[in-house]
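Subject: Structure for your review

Hello,

Here is the structure I promised to pass on. Please open it alongside this message; my notes come after it.

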Amino acid sequence: MDYEAAFKKIKAELLASAGGESHWTGELSASALSTATAVSAFSLAGGPLDKELIDKGLKWLESNQNYEGGWGDTIKSPCNLPTTMLVTAAFELSGKTAGYEACLGKAEEYLIRKAGKSSSERRTKLYEIYGKDRTFVVPILVNLALAGKVEWKEIPFLPFELAALPAAFYRMINLPVVSYALPALISMGQIIFDKRNSKNILRKITAKITLRKLQAIQPESGGYLEAIPLTAFVVMSLMPLYGLGQPVVVNGLKFLRKAASADGSWPIDSNLSQWLTTQSVQALSVRGGETLNGTKAWLLKNQTQNRHKYTDSAPGAWGWSDLSGSVPDADDTASALLALMELGAKDCREAVDSGAEWLRNLQNSDGGFPTFCKGRLELPFDKSSPDITAHCLRALNAIKGKCSFWSGINRQDGDA
């Protein structure tokens with residue numbers, strides 16, 4: 001086999017896949033999880049213009065049911081309990097279960113095998129899957145409660161009133177949600193409070209304050225984290241409380257409409273342009289160093305310049321996309337630093353130093369690196385990750401001797 005010819009062909013295809021742009025955008029897999037939550041949101045909205053989106057979404061879900069009877073997060077994922085429960089909730093909320101009896105019958109058989117018949121058994125199984133972290137289990141339970149599949153009294157309160165406090169306060173308390181989950185905390189905390197008829201005065205007082213905060217941190221695109229599931233969860237929680245005219249709801253539904261695919265599905269996220277571009281740059285640098293015009297400028301433009309209003313993250317980092325809902329994270333920051341070193345760091349040393357310092361300040365007390373924010377070591381995304389830690393160390397090592405970051409470290413801490 002002519003490996004050189006194969007390499008040239010692959011390189012040409014990679015460059016061509018950018019479509020003449022200065023970066024790569026890519027396309028994410030269709031997702032049963034996203035499709036189910038979007039269908040639930042539009043079903044609750046009840047708008048006649050969204051009827052086609054609901055119908056196409058239900059047909060797509062039926063067509064992509066796994067042979068075991070359930071659904072996974074994507075079309076190539078094995079069945080899992082949470083996604084299957086969310087899909088059945090979407091069918092229920094749509095009011096269009098007639099005609100889908102065979103599909104829903106298979107789904108029920110799967111749920112019985114995996115978690116039992118009763119809502120109590122299934123709720124217990126969800127808690128076994130997610131442990132202490134309420135970030136994932138509460139949104140699922142809220143969606144199920146809206147579909148009449150669980151009782152509101154079975155869903156734990158979320159302390160949304162804490163969102164009224166300054167962001168720095170979150171790092172001082174043991175809040176049982178991960179660092180990026182503020183939209184879920186506020187929106188679902190409020191609907192649980194309302195549906196359970198709580199008499200907590202503090203929560204009643206802070207409802208409007210935290211709603212304003214939720215609106216303030218909504219990205220320009222309308223999509224929190226550019227993610228369909230999170231945005232759909234927020235929208236479906238707010239509609240029963242504030243109606244279709246509430247600004248977060250309006251912008252969230254616009255985002256969901258725009259994100260719909262022609263085949264009736266929704267992807268898990270909008271795109272991973274930043275990640276794809278930095279990975280492509282590193283791949284192309286293996287031989288020849290050929291890349292696209294304007295890539296370095298595009299990467300530098302995407303570096304955060306201000307403290308992030310969503311996670312309170314310091315400036316100097318990169319997220320996974322150039323879209324407004326992207327959030328700074330360790331993996332993409334490390335990858336951006338590696339890409340900039342390949343593209344030549346002489347004219348962007350300040351940006352490289354700023355990114356390296358951001359990573360250094362993110363390091364957890366156990367020595368590892370989390371995804372988004374330095375946090376509690378037992379929760380997903382806040383706890384240290386071995387692969388992200390390795391990626392950060394690789395990036396920091398790549399700039400050693402080439403930027404002022406390491407000389408500052410040596411002055412403060414010694415060469416060790």
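This is a predicted model: local features need pLDDT of at least 70, side-chain atom pairs count only at pLDDT 80 or more; totals for chains, interfaces and linings use all residues.

Helix α8 and its partner

Helix α8 covers residues 182-195, and helix α9 covers residues 201-216. The two pack at an angle of about 145°, with their axes 10 Å apart, and α8 passes α9 in a left-handed crossing. On the α8 side the contact is made by Leu-182, Pro-183, Ile-186, Ser-187, Gln-190 and Phe-193. They meet Arg-203, Lys-204, Ala-207, Thr-210, Leu-211, Lys-213 and Leu-214 in α9. Sorted by class, this contact has 7 nonpolar, 3 polar and 3 charged residues.

The span of α8 holds no surprise: its 14 residues reach 20 Å from the first C-alpha to the last, close to the 20 Å expected at 1.5 Å a residue. Of these 14 residues, 12 are buried, so α8 is largely enclosed by the rest of the structure. The buried residues include Met-188, Gly-189, Ile-191 and Ile-192. The cover over the buried part of α8 includes α7 (134-146), α9 and α10 (228-242).

In soluble globular proteins, nonpolar side chains tend to be buried together. Here the largest nonpolar core has 79 residues, and Val-142 and Ile-155 have the most contacts inside it. Helix α10 gives the most to this core, with 9 residues. A second, separate core has 28 residues, among them Ala-317, Ala-339, Cys-348 and Leu-396.

Leaving aside residues up to four places away in sequence, Val-142 touches Trp-152, Ile-155, Met-188, Ile-191, Ile-192 and Ser-237. Met-188, Ile-191 and Ile-192 from that set are among the buried residues of α8.

Helix α12

Helix α12 (residues 273-284) has 12 residues and reaches 16 Å from its first C-alpha to its last, close to the 16 Å expected at 1.5 Å a residue. Its buried residues are Ser-273, Gln-274, Thr-277, Thr-278, Ser-280, Val-281, Gln-282 and Leu-284. They are covered by elements that include α1 (3-16), α13, α14 and α16 (386-398).

Loop residues

Asn-197 has a phi of about 55° although it is not a glycine.

Thr-304 lies in the loop between α13 (295-301) and α14 (330-343). Is Thr-304 buried or exposed? Its relative accessible area is 17%, and the cut-off for buried is under 20%, so Thr-304 counts as buried. Apart from residues up to four places away in sequence, Thr-304 touches Ala-314, Pro-315, Gly-316, Ala-317 and Pro-328. Ala-317 from this list is also part of the second core.

Ala-262 lies in the loop between α11 (247-259) and β2 (266-267). Ala-262 is exposed, with a relative accessible area of 70%. The C-alpha atoms of Ala-262 and Lys-199 are separated by 46 Å, and the two residues are 63 residues apart along the chain.

Regards

Terms used: Residues are numbered from 1 along each chain as its sequence is written. Side-chain values use heavy atoms; hydrogens and water are left out. Axes are lines fitted to C-alpha atoms, for helices over the stretch in contact, and angles run from 0 to 180 degrees between N-to-C directions. Helices (H or I, at least four residues) and strands (E, at least two) are DSSP runs, numbered from the N terminus. A crossing is left-handed if the near helix is turned anticlockwise from the far one by less than a right angle, and right-handed if clockwise. Contact means heavy atoms within 4.5 Å. Ala, Val, Leu, Ile, Met, Phe, Trp, Tyr, Cys and Pro count as nonpolar, Asp, Glu, Lys and Arg as charged, and the others, Gly among them, as polar. The expected span of a helix is 1.5 Å times one less than its number of residues. Buried means under 20% relative accessible area, exposed over 50%, partly exposed in between (1.4 Å probe, protein chains only). A nonpolar core is a set of buried Ala, Val, Leu, Ile, Met, Phe, Trp, Tyr and Cys residues joined through side-chain atoms within 4.5 Å.
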